[in-house]
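This report describes a structure in plain terms. Please look at the sequence and the model before reading on.

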Amino acid sequence: MTVPVRTPARPDPGLPSPEPGWRVWPRQWPRWAPYATAVWGVVYAAVQTVWAATGTTVPWSPHVAYAPGVQLALAVLALLAAGACLATPWPLARRRRVAVAAVLAVAIPVFAMGMASLPAYVVTLAALSGVESATGFAHVLLNTVGLALLLVGVSHRRRLRNRCPRCGAGHPGDGSGPLVHPPASVASRRTRIQVYLLMCGLLPWAVVKTIWTLGGDALSVTAEKWREENAGGSGAAKALASVGIDVTVLAALAGIFLLRGLMYPWGQVFPRWTPLLTGRRVPRLLPLLPAWLSAIGLSVYGVVLVIYAPLSAAGALPRIEPDGTFTSSAGITWMVLFGGLAFGGLGFALITAARSYAARTRPVCANAATDAMPGK
């Protein structure tokens with residue numbers, strides 16, 4: 001007896017072929033992000049508990065470390081935040097919605113403060129200077145990942161308004177289809193003016209750094225002291241200093257490059273000076289992720305310095321004592337103020353430009369765009 005062989009049915013040529021899973025999976029982040037946050041919360045709480053139990057030193061600043069009690073409190077907050085994110089996809093009563101919102105409102109600023117020193121670690125790693133504290137760097141990375149996941153969890157507010165948590169539009173479907181991106185555009189004139197004014201805060205700090213690097217004296221710091229202080233730097237930092245470029249000023253220039261990309265069309269479509277990519281759409285998160293992650297730490301750090309410097313000079317707070325490089329309190333106080341203006345200005349400029357970029361490049365799900373077409 002002959003067994004008939006069944007040939008697989010051919011797909012209908014009129015229907016689109018199914019997309020591979022690796023392309024669909026990122027679109028479904030509203031489904032899996034709460035579970036990813038739960039995993040992060042458990043890992044974060046376990047790490048903080050182990051550090052607290054073993055007395056591991058985790059620096060918050062160069063001279064201040066986290067106390068074990070604070071580490072245990074952070075562990076509890078991480079678990080609460082993970083539980084709040086797990087609850088966001090489900091319909092909740094009013095009290096539970098308020099509880100979820102309250103937990104996220106507390107957790108997001110706390111973990112944002114915990115990753116405030118991320119730009120400093122990035123600069124030291126880029127300069128090949130190494131990491132002063134492995135636990136401090138791990139702590140910053142854990143806070144950074146958690147903050148990103150918690151901000152994704154805030155999309156539950158769209159569900160409460162019966163809107164797509166992925167694109168924010170009101171349309172049927174699960175929001176896992178392709179997206180329609182708007183054309184490239186320039187930031188508004190008001191945004192550009194605000195960003196350029198905030199960027200001016202970099203000038204005093206960059207000028208002083210450049211004077212030191214070129215061998216001049218400024219703010220009670222001599223060229224000889226500056227060279228001694230930076231004698232142990234990496235080869236890359238020394239090579240840049242030999243041509244008058246401080247590595248931190250170079251990092252600020254990279255921030256300015258990012259700012260211009262956020263404001264102009266070449267940050268949305270690769271320009272002609274990017275071989276092999278010319279004309280392709282720039283992935284939206286490529287400039288937004290470094291902008292948001294850098295802006296939070298820079299703006300917080302800058303505000304603290306700008307407030308501390310004048311209060312210290314007036315005697316309301318302890319005076320800033322000169323160290324081995326600075327020979328007067330006035331000089332180091334002025335440099336702290338210049339640093340606050342630079343970091344805060346760059347941080348708030350990134351926030352302003354990133355908000356504009358996010359609004360101008362926000363895509364919508366394809367079925368929402370189809371529904372909005374005339375005649376639909």
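## Cysteines

The structure contains zero disulfides, a disulfide being a pair of cysteine sulfur atoms within 2.5 Å. Cys85 is buried, at a relative accessible area of 1%, while Cys200 is partly exposed, at 41%. Buried means under 20% relative accessible area, exposed over 50%, and partly exposed in between (1.4 Å probe, protein chains only).

## Basis of the model

This is a predicted model, in which local features need pLDDT of at least 70 and side-chain atom pairs count only at pLDDT 80 or more, while totals for chains, interfaces and linings use all residues. Residues are numbered from 1 along each chain as its sequence is written, and side-chain values use heavy atoms, with hydrogens and water left out.

## A nonpolar patch

Val303, Ile307, Leu311, Leu317 and Phe348 form a nonpolar surface patch of about 370 Å². Patch residues have over 30% relative accessible area and no salt bridge; like charges are joined within 9 Å, and nonpolar side chains (Val, Leu, Ile, Met, Phe, Trp, Tyr) within 5 Å. A salt bridge is a side-chain nitrogen of Lys or Arg within 4 Å of a carboxyl oxygen of Asp or Glu. Accessible areas come from the Shrake-Rupley method with a 1.4 Å probe, and for residues only the protein chains shown count as cover.

Helix 13 (residues 285-314) gives the most to this patch, with three residues. Phe348 sits in helix 14 (residues 329-360) and is partly exposed, at 35% relative accessible area. Helices (H or I, at least four residues) and strands (E, at least two) are DSSP runs, numbered from the N terminus.

## Pro178

Pro178 lies in the loop between helix 7 (156-160) and strand 3 (179-180). Pro178 is partly exposed, at 43% relative accessibility. Pro178 and Cys365 are 187 residues apart in sequence, but 6.1 Å apart in space, C-alpha to C-alpha.
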